Amino acid sequence: MKRVINPCQCEVWNGKMERAFVEIVFEKGELSLHGVIGPRIGGNCLGAAGQCVDEIREGVPIEEWTAEMLKDLCDIWDEWHLNDMRPYCEHQKEMGWRELAKKRLCFIIIR
């Protein structure tokens, strides 16, 4: 599933309010969100882009959105950001690091 939504407007550098967009991609059990504020033809924008969740969180909801809905979207974005990343390379994967990472560790503090 891939969907682009316009949940709010955000203030940009020139003091004007610009529309903010978030692309939501859910494929193979992985969720990805990224946004752009004030996009322009040609790929430029007047505001932030990429992981601009903080700017969007401060935005003004548009007609079909509420402040609570915007907060929920940004909370999900924060929770799932980089969630599909793994802290190991292919060689470590072959060595079984993925399975080892699931094991409970016990730490001893020595003073």
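Author: Gladly. Note that this is a predicted model.

Reader: Why is Glu-18 called buried?

Author: Buried means under 20% relative accessible area. Glu-18 has 14%, so the residue counts as buried.

Reader: What makes Arg-40 partly exposed?

Author: The class lies between the 20% limit for buried and the 50% limit for exposed. Arg-40 has a relative accessibility of 39%, so the label is partly exposed.

Reader: Why is the contact between Glu-18 and Arg-40 called a salt bridge?

Author: The cut-off is 4 Å between a side-chain nitrogen of Lys or Arg and a carboxyl oxygen of Asp or Glu. Here the closest N and O atoms are 3.1 Å apart, so the pair qualifies. The two residues come from distant parts of the chain, 22 residues apart. Glu-18 sits in strand S2, while Arg-40 sits in the loop between strands S3 and S4.

Reader: How many salt bridges does the structure hold?

Author: Five. Another joins Arg-57 and Asp-75, with 2.9 Å from N to O. That pair also links distant parts of the chain: Arg-57 lies in helix H1 and Asp-75 in helix H2, 18 residues apart.

Reader: Why are Arg-57 and Asp-75 not called buried?

Author: Buried requires a value under 20%. Arg-57 has 26%, so Arg-57 is partly exposed. Asp-75 has 28%, so the label for Asp-75 is also partly exposed.

Reader: What makes Asp-75 and Lys-71 a salt bridge?

Author: Their closest N and O atoms are 2.6 Å apart, which is within 4 Å, so the pair meets the definition. Both residues lie in helix H2, four residues apart, or about one turn of the helix. Salt bridges with shared partners join Arg-57, Lys-71, Asp-75 and Asp-78 into one network.

Reader: And Lys-71: buried, partly exposed or exposed?

Author: Exposed needs over 50%. Lys-71 has 46%, so it is partly exposed.

Reader: Now the strands. How do you know that S2 and S3 pair?

Author: Pairing takes at least two bridges. Eight join S2 to S3, so these antiparallel strands pair. Glu-23 stands opposite His-34 in S3. The two strands form a hairpin with two residues between them. In the turn, Lys-28 has a positive phi of about 50°.

Reader: What makes S3 and S4 a pair?

Author: They share two bridges, and at least two are needed, so they pair, in the antiparallel sense. Val-36 stands opposite Ala-49 in S4. Gly-35 has Gly-50 in S4 as its bridge partner.

Reader: Why are S4 and S5 called edge strands?

Author: The open sheet has five strands in the order S4-S3-S2-S1-S5, with antiparallel pairing. S4 and S5 each have a single partner strand, so one side of each lacks a neighbour in the sheet.

Reader: What packs on the sheet?

Author: Helix H2 does, touching S1, S2, S3, S4 and S5. The direction of H2 makes about 120° with that of S3.

Reader: Which residues form the covered face of S3?

Author: Leu-31, Leu-33, Gly-35 and Ile-37. The uncovered face holds Glu-30, Ser-32, His-34 and Val-36.

Notes:
Residues numbered from 1 in each chain as written. Predicted model: local features only at pLDDT ≥ 70, side-chain atom pairs only at ≥ 80, totals over all residues. Heavy atoms only, no water. Buried < 20%, exposed > 50% of the residue type's maximum accessible area, 1.4 Å probe, protein only. Contact = heavy atoms within 4.5 Å. Axes fitted to C-alpha atoms, helices over the stretch in contact; angles between N-to-C directions.
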